Amino acid sequence: MTSVGLDTITSSQFIKDPETLISKDGNFTFGFFSPINSTNRYVGIWWKSQSTIIWVANRNQTLNDSNGIVTVSEDGNLVVLNGQKQKCLDASDTSCQFSDFGNLVLLESTTGNILWQSIQQPSDTLLPGTKLSINKRTGETIRLRSWKSPSDPSVGSFSSSIVERRNILEVFIWNETRPYWRSGPWNGGVFTGISTKTYPHFYGFQSGNDGEGNINLYYTIPNGEAFVMYVLKSQGEIESTLWDDARKEVQVTWASRESECDIYGICKL
């Protein structure tokens, strides 16, 4: 794996497999990878280790060889090209910058205006500042979508989104269209359906209406606090994860399914 020493992609500054971009803090990498037990190539972002993929660009369109390229095309679109120069991702516009906190940002070159950010189109991982949201006017929803399996990052059966009813907000995991798990209502401080013993894993969550019809749920991490992520696994559970620096691996600190009764509608009172 080769770092090209850049944090920006343009038409003249591109990366090709196996080159990578590394964030200034050194914690996040953008580049090409293969999941475990797979030879297919994907473009994504990982945290600390390539075993911790947090976002995948071409999750439903694989690269079948190691000749992939990420560049900005002449018409100002960010594209992933395979060995035959066929597009596997096409997102506008102009220049692409990789920032700290693992955010890939598309900028309009003349104004510097942000046109798109990867945290606005999450894969299976909730990062600090990533918003789960629902627009009450349009119904548009930003949600997490699980991988199909640990070896296949294409969209799987499970998704996670917020639901707002009678001004009460809660988080659901869905198996296709069926409820699979719920957090219980958010009361502004806690999710009432989650054990108070595990609630410290949800410190920093906030919700709000942005004035444009979007109801948002997100979290922030104060300076000096451990970096926490929430991952929707292919088996349908959300895990809270930390990096174990001694072991150089991810540590799971909480999981949404502690027993079979956590599955929606399984256990009757």
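Disulfide, salt bridges and sheet edges in a predicted model

Cys261 and Cys267 form a disulfide, with their sulfur atoms 1.9 Å apart. This is a predicted model, in which local features need pLDDT of at least 70 and side-chain atom pairs count only at pLDDT 80 or more, while totals for chains, interfaces and linings use all residues. Residues are numbered from 1 along each chain as its sequence is written, and side-chain values use heavy atoms, with hydrogens and water left out.

Q: Why is the pair Cys261 and Cys267 called a disulfide?
A: A disulfide is a pair of cysteine sulfur atoms within 2.5 Å. The sulfur atoms of Cys261 and Cys267 are 1.9 Å apart, so the pair meets the cut-off. A search of the whole structure finds one disulfide.

Q: What makes the disulfide of Cys261 and Cys267 left-handed?
A: The torsion about its S-S bond is about -85 degrees, so the disulfide of Cys261 and Cys267 is left-handed.

Q: Why does Cys261 count as partly exposed?
A: Buried means under 20% relative accessible area, exposed over 50%, and partly exposed in between (1.4 Å probe, protein chains only). Cys261 has 48% relative accessibility, so it counts as partly exposed. Cys267, at 35%, is partly exposed too.

Q: Why do Arg182 and Glu170 count as a salt bridge?
A: A salt bridge is a side-chain nitrogen of Lys or Arg within 4 Å of a carboxyl oxygen of Asp or Glu. For Arg182 and Glu170 the N to O distance is 3.0 Å, so the pair qualifies. Arg182 lies in strand S20 (residues 178-182) and Glu170 in strand S19 (residues 168-175), twelve residues apart; strands are DSSP runs (E, at least two residues), numbered from the N terminus. Arg165, Glu170 and Arg182 are linked in a network of salt bridges.

Q: Is Glu170 buried or exposed?
A: Glu170 has a relative accessible area of 5%, so it is buried. Arg182, at 37%, is partly exposed.

Q: How do you know that Arg247 and Asp244 meet in a salt bridge?
A: Their N to O distance is 3.9 Å, which is within the cut-off, so the pair counts. Arg247 is exposed at 61% relative accessibility, whereas Asp244 is buried at 18%. Asp244 also stands opposite Glu249 in S25.

Q: What makes S14 and S25 the edges of their sheet?
A: The open sheet has the order S14-S23-S24-S25, with antiparallel pairing; two strands pair if DSSP finds at least two bridges between them. Strand S14 (125-126) and strand S25 (249-255) each have a single partner strand, so one side of each is left without a neighbour in the sheet. Six bridges join S24 (residues 238-244) to S25.

Methods: Helix = DSSP H or I, 4+ residues; strand = E, 2+ residues; numbered from the N terminus.
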